[in-house]
Amino acid sequence: MQYKLSGISDIVEGVRLGNDVIIEHVFVDSRNRIDRMETALFVAIKGERHDGHDYVEELYAKGIRSFIVGRDFSVENIRGGNFIIVENTLKAIQDIAAGYRDSFSFPVLGISGSNGKTCVKEWIYQIFQNTETISRSPKSYNSQTGAPLSILMADSASTLGIFEAGISLPGEMSRLEKILHPDTGIFTNIGDAHQENFKNIEQKIDEKLQLFRRSKLLIYSSDYAALHKAVSESEHEYSTFTWGHDDGCNLKILNKTGVPNRTVLKIKINDSKLRDMFGNEQEFEIPFSDSASVENAMHCIAFAMTKGFDINLLKASLANIAPVAMRLELKEGINRCTIINDSYNSDINSLTIALDFLDGLTQHERKTLILSDIMQSESDERKLYAQVSKLLQSRGISRFTGIGEALERNAACFIENSNIPDCSFYRDTDKFLQHCNKAGFSNEAVLLKGSRQFRFEKISRLLEVQVHQTVLEVDMNALVDNLNYFRSKLNEGVKLMAMVKASSYGLGSSEIAALLQYHRVDYLAVAYVDEGVSLRENGITMPVVVLNTEPDNFDIMIEYQLEPEIYSINSLLSFLKTASGMGTGSYPVHIKVDTGMHRLGFEENDLPELCRILKNTQRIKVASVFSHLAASDESRHDEFTVSQIEKLRQFCRSLEEEIGYPFIKHILNSAGIERFPDAQFDMTRLGIGLYGVGIDANRSSLASVGTLSSAIVQIKQVDGGETVGYGRHGRLTGTKTIATVPIGYADGLSRKLGNGKGYFMVNGKPAPITGNICMDSCMIDITGIDAKEGDRVIVMGDAPSVYEIADAAGTIPYEILTGISQRVKRVYVI
């Protein structure tokens with residue numbers, strides 16, 4: 001994309017101020033790393049939780065000079081900036097994308113539906129990648145901002161575009177249609193997603209069909225009766241191509257033979273044109289047996305056939321189609337390294353996104369990229385890798401390793417780049433592994449970005465810390481969803497403190513803290529000073545409050561710029577003594593008030609002495625005053641909770657009058673945010689709710705963040721009357737199939753779950769724990785379950801949930817999460 005700013009101003013019908021510069025890149029996230037600031041345009045979008053206008057001055061200071069802003073934004077204080085002033089900045093970026101889309105000379109496929117959009121997009125990409133030059137939506141960029149950004153990333157030299165469109169509200173799809181304007185459409189399916197925002201399923205179907213208003217062809221499954229009825233009865237100009245089990249379909253599924261991890265589809269071709277090309281019947285094999293994969297494959301088959309794709313290539317592609325890994329995995333590596341495994345796809349846009357993520361990792365100064373050949377139809381190979389090299393210049397890459405014949409041929413593009421001091425190239429992955437020195441990787445972030453055929457999982461296994469098969473998978477996207485859920489409950493201007501104590505409730509400390517810093521929470525809170533020191537040493541620069549302070553550590557807190565909770569006159573005097581000795585001034589402290597919890601905190605009778613000390617010192621400054629609710633999640637204690645809130649209000653009023661300056665006030669925790677919206681004060685504290693544990697009122701609104709899993713290591717047939725486990729408590733009443741799983745109480749699995757009180761999920765079915773739980777393993781009864789050694793076992797996730805496990809163990813979800821041992825490997829998926 002290349003426009004003059006005046007041309008963009010004409011497109012968006014805005015008022016232009018400043019110079020008429022050339023624009024090559026449009027972005028909306030102020031955290032993005034920008035390669036050429038002089039040709040970048042920032043669009044300040046105002047959303048529910050963030051306002052891009054708040055970051056314009058910050059971006060200007062970094063070197064960005066061109067902006068699209070709303071009419072309410074004052075540009076007078078930013079001298080030398082180039083501005084386009086518009087009524088609606090979101091509409092502006094959508095209009096820019098629509099204008100760029102109109103310049104495309106290649107066909108565009110638009111995909112919508114309730115589920116499967118990203119998988120269908122990626123599978124079509126896998127099928128066509130060797131015959132077409134494809135631009136497509138990165139990851140799941142299908143929203144009101146994601147769709148226009150996808151279009152603006154597209155290469156005008158492409159021969160095929162594949163873009164997703166997702167909606168959650170009526171009226172949204174018509175805006176996306178103007179941006180995407182697909183020539184061909186795929187409507188994947190219709191389900192319950194976002195149904196709460198629509199009157200009925202018919203309204204949602206009609207809304208989604210708006211995407212294909214100007215399309216020439218729509219592909220869908222007539223097995224969805226409501227969808228088929230809506231299409232049949234609507235007025236439209238596009239032709240339809242259907243598949244399903246009815247005789248009237250263009251492609252009819254005659255037979256579906258499924259065995260584990262494989263399905264053979266026998267299809268009858270009813271379309272006369274396609275019958276001339278492909279015959280009456282065809283068989284396709286896919287390496288999956290679930291119904292969703294069969295549905296996704298049928299959409300791909302239908303699209304490929306309507307495009308006249310070579311049938312033998314289609315069959316070969318489907319037989320080897322790869323699962324879509326839609327998330328990056330963050331893992332602990334050898335020698336204090338962090339491994340980022342991104343096997344989602346390999347193209348220039350996805351590489352840019354992965355590099356932005358790598359750049360945002362604060363734990364390591366040294367950054368390494370291991371990249372395979374980019375498998376796309378690019379006629380000018382040198383131009384492609386020159387573009388990749390240019391992309392790396394501003395990313396601070398310390399070491400670059402290229403794997404593949406194309407990268408080897410174009411090594412000069414990278415060697416000539418003086419910003420990358422260490423470059424090496426290998427013909428294939430095996431050659432790299434032969435020459436790899438594991439000791440050469442130390443205290444660095446390593447991004448693995450490889451096309452599927454290069455089998456970078458071999459490199460990942462080499463560089464990962466090798467631990468046992470039990471893994472805690474932390475879904476960072478779910479955590480962000482929970483963060484945004486609670487943010488949506490806050491009044492405008494109310495700050496948010498996120499609790500990351502106890503290693504973020506067992507899920508991981510620095511990794512989650514870095515994500516929260518990226519998403520701009522206002523404060524982090526830890527329990528002890530060593531947790532705060534660890535965050536600082538891992539690159540966390542935002543304010544961190546230490547809740548359980550000890551006088552012996554006050555000097556360390558000041559050294560690492562950690563802010564103490566002060567809860568008594570003695571702790572206040574001790575901190576003042578340390579602050580005086582270290583020569584600090586106006587050091588931020590947080591005053592804890594005991595309003596009824598009776599754990600830590602100043603009481604009302606401490607107020608005169610507290611005020612006297614604070615008025616007579618310049619060494620510290622009160623940053624916030626807060627208290628802790630004792631029972632905000634229990635309605636039977638609401639009267640007591642209200643009294644706590646009022647006590648804090650009165651304490652703060654008196655303190656503020658005496659010391660003569662304002663400070664932040666906060667008392668609400670996760671349950672309090674939900675149940676006492678009138679007591680938000682200036683800030684709220686988000687703890688267990690961030691990690692997916694809520695009260696009855698919001699459990700269904702929160703996403704599960706942690707999934708604890710292991711694997712079956714051995715299966716035995718054990719006769720009735722025999723016993724299983726220590727103490728012979730697991731006595732069998734009949735012959736049972738018993739599986740051993742390598743997780744025990746040393747991993748955090750409560751012994752109270754033994755002898756049938758707890759269960760695991762094996763291939764979608766519950767398997768009760770049999771006998772006592774051992775230190776490092778336990779046994780489960782898988783009688784009647786189709787399972788084999790090596791199969792994954794869900795210990796905690798959607799089922800059994802952390803609530804179920806806590807109930808069975810007679811405890812609370814907090815204890816279950818924080819009890820997961822550090823020897824259990826954490827894998828972070830994004």
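Trainee: Which strands form the open sheet, in what order, and is the pairing parallel, antiparallel or mixed?

Mentor: Strands of a sheet pair through backbone hydrogen bonds, either parallel or antiparallel. In this predicted model, 9 strands form an open sheet with mixed pairing, ordered 9-10-8-11-12-13-14-15-16. Strands here are DSSP runs of E with at least two residues, helices are H or I runs of at least four, and both are numbered from the N terminus. Two strands pair if DSSP finds at least two bridges between them. Strand 9 (134-136) and strand 16 (281-286) are the edges, each pairing on one side only.

Trainee: Which strand pairs with strand 8, and over how many bridges?

Mentor: Strand 8 (residues 108-112) runs parallel to strand 11 (residues 184-187) over 4 bridges. Leu109 has Thr184 of strand 11 as its bridge partner.

Trainee: And how should I read the second largest pocket; what is its volume?

Mentor: Rolling a probe the size of a water molecule over the atoms shows where empty space is left. A pocket is an open set of points on a 1 Å grid over the protein atoms alone, where a 1.4 Å probe fits, with protein on both sides within 12 Å along at least five of seven lines; lining residues have an atom within 4 Å of a point. Points join across faces, edges and corners, and the volume is the space filled by probe spheres set on them. This pocket holds about 1100 Å³. It has 43 lining residues, and Tyr505, His628, Asn669, Ile688 and Tyr814 are the closest to its centre.

Mentor: On conventions, residues are numbered from 1 along each chain as its sequence is written. Local features need pLDDT of at least 70, side-chain atom pairs count only at pLDDT 80 or more, totals for chains, interfaces and linings use all residues, and side-chain values use heavy atoms, leaving out hydrogens and water.
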